[in-house]
Amino acid sequence: MSLGDRVNQFDGWLLDRVFQPFADRLPESLSAMALGMSFQFGAIMLSAASIVAMIVIGHMSLSDAMFNVLVWCLGLAFYTGINRVRPLVRPGHLNPLRVMLAGMRPLSIPFAVYAIYQGATAPPHFEIALWFNSLANIIFVAGIYLISCEIRPPGHRQAARARFGRMQEQGSP
């Protein structure tokens, strides 16, 4: 098995065994897509807060932060693009974003791990700004996985909860 196959296998496991069960247990009024889009928006805002903090603290001029601003604009473009294809994700149908984001999901994890490392090893005067960036990356990863989850029809989600309750009642003395 090649490295790419192992990465895809890990991505599938993380999506099917961690995020999909979480998405299935969300209340009816909140879909995984809505929560994932909220996470994406939060990641954009935290990333902007990180850039602004670096400028306000005085460790970066606006021209020094231009690369970070351009990366932030790419994140905003990604959010806008996902928001435009949002009507394609319907309950009871296959989620097209699951396949479309298959390369983006596993790629975002090492960036989040590196951002956490940067935040943990940052000098004290950079610490707050880099922790905003770390948190933005973690929220981005969670959001992209939630966006990729299947949206179950309302009846299916209730039936799964009822089965779980019966199994729990049968198993208790």
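The model is predicted, and local features are given only where pLDDT is at least 70, side-chain atom pairs only at pLDDT 80 or more, while totals for chains, interfaces and linings use all residues. Residues are numbered from 1 along each chain as its sequence is written, and side-chain values rest on heavy atoms, with hydrogens and water left out.

Two packed helices are described by the angle between their axes and the distance between the axes. For α1 (residues 3–24) and α5 (residues 104–120), the angle is about 90 degrees and the axes are 9 Å apart. Each axis is a line fitted to C-alpha atoms, for helices over the stretch in contact, and angles run from 0 to 180 degrees between N-to-C directions. On the α1 side, Val7, Phe10, Asp11, Leu14 and Leu15 take part, and they meet Arg105, Pro106 and Ile109 of α5; contact here means heavy atoms within 4.5 Å. By class, this contact has 6 nonpolar, no polar and 2 charged residues. Ala, Val, Leu, Ile, Met, Phe, Trp, Tyr, Cys and Pro count as nonpolar, Asp, Glu, Lys and Arg as charged, and the others, Gly among them, as polar.

The protein chain as a whole has 7 helices and 0 strands, and its elements follow the order α-α-α-α-α-α-α from the N terminus on. Helices (H or I, at least four residues) and strands (E, at least two) are DSSP runs, numbered from the N terminus. Of the contacts in the chain with a separation of 6 or more, 78% are between residues 24 or more positions apart. The chain has 173 residues, of which 32% count as buried; buried means under 20% relative accessible area, exposed over 50%, and partly exposed in between (1.4 Å probe, protein chains only).

The structure holds 5 aromatic pairs. One of them joins phenylalanine 10 and tryptophan 13, and this pair is stacked, at 6.1 Å centre to centre with 25 degrees between the planes. Rings of Phe, Tyr and Trp (its six-membered ring) pair if their centres lie within 6.5 Å; planes under 30 degrees apart count as stacked, over 60 as edge-to-face and the rest as tilted. Phenylalanine 10 and tryptophan 13 are both in helix α1, 3 residues or about one turn of the helix apart. With 42% relative accessibility, phenylalanine 10 counts as partly exposed, and tryptophan 13 is partly exposed at 45%. The rings of phenylalanine 19 and tyrosine 145 have centres 5.0 Å apart and planes at 15 degrees, so this pair is stacked as well. The pair links distant parts of the chain, since phenylalanine 19 belongs to α1 and tyrosine 145 to α6 (residues 127–147), 126 residues apart. Both phenylalanine 19 and tyrosine 145 are buried.

Several residues of helix α2 were also examined. Methionine 33 lies in this helix and is buried, with a relative accessible area of 4%. Beyond its neighbours within four places in sequence, methionine 33 is in contact with Ile82, Arg86, Val89, Leu97, Leu146, Ile147 and Ile151. Its C-alpha atom is 9.5 Å from that of tyrosine 145, a residue 112 positions away in sequence. Serine 50 is found in α2 (residues 32–57) and, at 8% relative accessibility, counts as buried. Residues up to four places away aside, serine 50 touches Ala129, Phe132 and Asn133. Alanine 49, likewise in α2, counts as partly exposed at 27%.

Leucine 62 is found in the loop between α2 and α3 and counts as exposed at 55% relative accessibility. Glycine 75 is in helix α3 (residues 66–84) and is partly exposed, with a relative accessible area of 25%. Glycine 75 and isoleucine 44, 31 residues apart in sequence, are 6.6 Å apart from C-alpha to C-alpha.
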